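Biologist: I am new to this structure and would like to go through it slowly, one question at a time. Could we put the sequence and the model in view before we start?

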Amino acid sequence: MANKSVWSDNRFWQRSATWITGFASILLIWLTFDTSAQISMGTDEDIQNGVKKKVPGATVINYRITYEMDAKRGHEVPVIGGKEKFFGRDDWSEEEAAAMLHLGKLGSQAKNCMDCHTLLGNGAYYAPDLTKAWLDPAWGPDGSMQAMTGKSTKEEAIAEFLQHPDQYPTHARMMPNLNITEKEAIGLVAFLKHMSSIDTNGFPRNFGKIKGAINGK
Ligand code: HEC
């Protein structure tokens, strides 16, 4: 009987195909669960217990968020600090905070911010990337936007700007008035603050090194 090579044996190829398909399916199922776990939103309890989540819970709006260099990872990461008042309160409940974020998310879709801005990698680059806009020093105590809008906190200054962007043109490009109401503006600021707390693996690149994206200050 002639000696038959394993390479020309049909059963070898059938078995290999079965094993590879089986292995790939298990890997994909595992990756799906792993990704879901990574991108699922944390809770208020996680924040209180210092459990780090890529997407922190809605009550992160009750805390100070900073952007700090992580030497190991080689880029800046959002760091949740101590309590910080947001529109006068630092005790927004999980339900209240989630409702604000929801309103902001709906507002961002209704007014199509992505037409001009980028949010979490989606959108346009006509206007500044909004992923980390909350951390833009222009809105902080050393920036110029609080004085310009006549407000004494970051959140109030951004909310005022969103309602009347055409009154505060700081760039060659002006954001048009989108008829955003006060309530919508508060929701949008909550949405922006929460988005800035999401660990986006350093995206957008070099944001922390840009001094005041909005007006260079
Ligand atoms: C038609 C284009 C356009 C749309 C739509 C638009 N914006 Fe803007 N936005 C701009 C421009 C241009 C600027 C820069 C303004 C300046 O520098 O004065 C800006 C600036 C901003 C800033 C300041 C950014 C920073 O880095 O500090 C925020 C916050 C902002 N927009 C939020 C929003 C939100 C929220 C929406 C949706 C509800 C929105 N924008 C929709 C054009 C737009």
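Modeller: Helices (H or I, at least four residues) and strands (E, at least two) are DSSP runs, numbered from the N terminus. This is a predicted model, in which local features need pLDDT of at least 70 and side-chain atom pairs count only at pLDDT 80 or more, while totals for chains, interfaces and linings use all residues. Residues are numbered from 1 along each chain as its sequence is written.

Biologist: Between which elements does the loop that holds P176 lie, and is P176 buried or exposed?

Modeller: P176 lies in the loop between α5 and α6. A residue is buried if 20 or more other C-beta atoms lie within 10 Å of its own, exposed if 12 or fewer, and partly exposed in between, with C-beta atoms placed from the backbone. Because P176 has 9 other C-beta atoms within 10 Å, P176 is exposed.

Biologist: Which residues is P176 in contact with, leaving aside its neighbours within four places in sequence?

Modeller: Two residues are in contact if their C-beta atoms, placed from the backbone, lie within 7 Å. Leaving aside neighbours within four places in sequence, the contacts of P176 are P165 and D166.

Biologist: How many residues of α5 are buried, and which elements do they pack against?

Modeller: α5 is mostly covered, as 8 of its 10 residues are buried. They are K154, E155, A157, I158, A159, E160, F161 and L162. The elements that these buried residues pack against are α4 (145-149) and α6.

Biologist: How are α3 and α6 placed relative to each other?

Modeller: Axes are lines fitted to C-alpha atoms, for helices over the stretch in contact, and angles run from 0 to 180 degrees between N-to-C directions. The axes of α3 and α6 are 7 Å apart, and the two helices pack at an angle of about 100°. Angles under 35 degrees count as roughly parallel, over 145 as roughly antiparallel, 65 to 115 as roughly perpendicular and the rest as oblique. The arrangement of α3 and α6 is therefore roughly perpendicular.

Biologist: How do the residues of the contact of α3 with α6 divide by type?

Modeller: From α3, the residues M100, L101, L103, G104, K105, G107 and S108 meet E184, I186, G187, L188, A190, F191 and H194 in α6. Ala, Val, Leu, Ile, Met, Phe, Trp, Tyr, Cys and Pro count as nonpolar, Asp, Glu, Lys and Arg as charged, and the others, Gly among them, as polar. The residues of this contact divide into 7 nonpolar, 5 polar and 2 charged.

Biologist: Which residues does A190 touch, not counting those up to four places away in sequence?

Modeller: A190 lies in helix α6, and A190 counts as buried because there are 29 C-beta neighbours inside 10 Å. Not counting residues up to four places away in sequence, A190 touches I61, M100, L101 and G104.

Biologist: Which residues are closest to the ligand?

Modeller: A residue is near a molecule if its C-beta atom, placed from the backbone, lies within 6 Å of it. There are 29 residues around the ligand, and the elements that give two or more residues to this shell are α3 (94-110), α5 (154-163) and α6 (182-196). The shell divides into 19 nonpolar, 6 polar and 4 charged residues. The closest residues are C113, C116, A127, H171 and M175.
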